[in-house]
Amino acid sequence: QVQVVESGGGLVQPGGSLKLSCAASGRRFSFDKMGWYRQAPGKQRELVATVNTGGSTKYADSVKGRFTISRDNSKNTVYLQMNSLKPEDTAVYYCKTEGRYVGSGSTTYGYWGQGTQVTVSS
């Protein structure tokens, strides 16, 4: 089984910064893609940013230029540096990893963390 654990959420003032971390673990899992999603009250969960093992990244338009995703492949850890935070960034942030079980075919599996609250408010 794959475990995904987020950390780093909290309360920050508008214009401030916060860094989220997510560590994933699991035997014989490829961790091909890791990413961050968020869900605000009353809204659907949405993609924030993803990064694959090769370093290719994808960002939501709403966070481009403000958020930076990075990963440490040796630790199966992904980070989200959030700068110039806005009240509309307030949400529960979830980490997700996707990949395959090595030696068990090409089926892709996805695993979510429990989420970490980010609140942007003065």
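What is the volume of the largest pocket? About 170 Å³.

1. **Basis.** This is a predicted model, in which local features need pLDDT of at least 70, side-chain atom pairs count only at pLDDT 80 or more, and totals for chains, interfaces and linings use all residues. Residues are numbered from 1 along each chain as its sequence is written, and side-chain values use heavy atoms, with hydrogens and water left out.

2. **Pocket.** The largest pocket has 13 lining residues. Arg38, Ala40, Lys43, Glu46 and Glu88 lie nearest its centre. The lining divides into 7 charged, 4 polar and 2 nonpolar residues. (A pocket is an open set of points on a 1 Å grid over the protein atoms alone, where a 1.4 Å probe fits, with protein on both sides within 12 Å along at least five of seven lines; lining residues have an atom within 4 Å of a point. Volume is the space filled by probe spheres set on the points. Asp, Glu, Lys and Arg count as charged; Ala, Val, Leu, Ile, Met, Phe, Trp, Tyr, Cys and Pro as nonpolar; the others, Gly among them, as polar.)

3. **Strand β9.** Residues 91–99 form β9. The strand is largely enclosed by the rest of the structure, because 9 of its 9 residues are buried. (Buried means under 20% relative accessible area with a 1.4 Å probe, protein chains only; strands are DSSP E runs of at least two residues, numbered from the N terminus.)

4. **Partners of β9.** β4 (residues 33–39) pairs with β9 in the antiparallel sense over 7 bridges; pairing requires at least two DSSP bridges. Met34 has Thr97 as its bridge partner. β10 (residues 109–112) is also antiparallel to β9, over 4 bridges. Here Thr97 is bridged to Tyr111. β11 (residues 116–120) runs antiparallel to β9 with 3 bridges, and Tyr93 is bridged to Thr116.

5. **Core.** The largest nonpolar core holds 30 residues. Trp36, Val48, Phe67, Val78, Leu80, Met82 and Tyr93 touch the most other members. Two or more residues come from each of β3, β4, β5, β7, β8, β9 and β11. β3 gives the most, with 4 residues. (Such a core is a set of buried Ala, Val, Leu, Ile, Met, Phe, Trp, Tyr and Cys residues joined through side-chain atoms within 4.5 Å.)

6. Phe67 sits in β7. Phe67 counts as buried because its relative accessibility is 2%. Beyond four places in sequence, its contacts (heavy atoms within 4.5 Å) include Val48, Leu80, Met82 and Tyr93. The C-alpha atoms of Phe67 and Ala49 are 8.3 Å apart, with the residues 18 apart along the chain.

Conventions
Buried means under 20% relative accessible area, exposed over 50%, partly exposed in between (1.4 Å probe, protein chains only).
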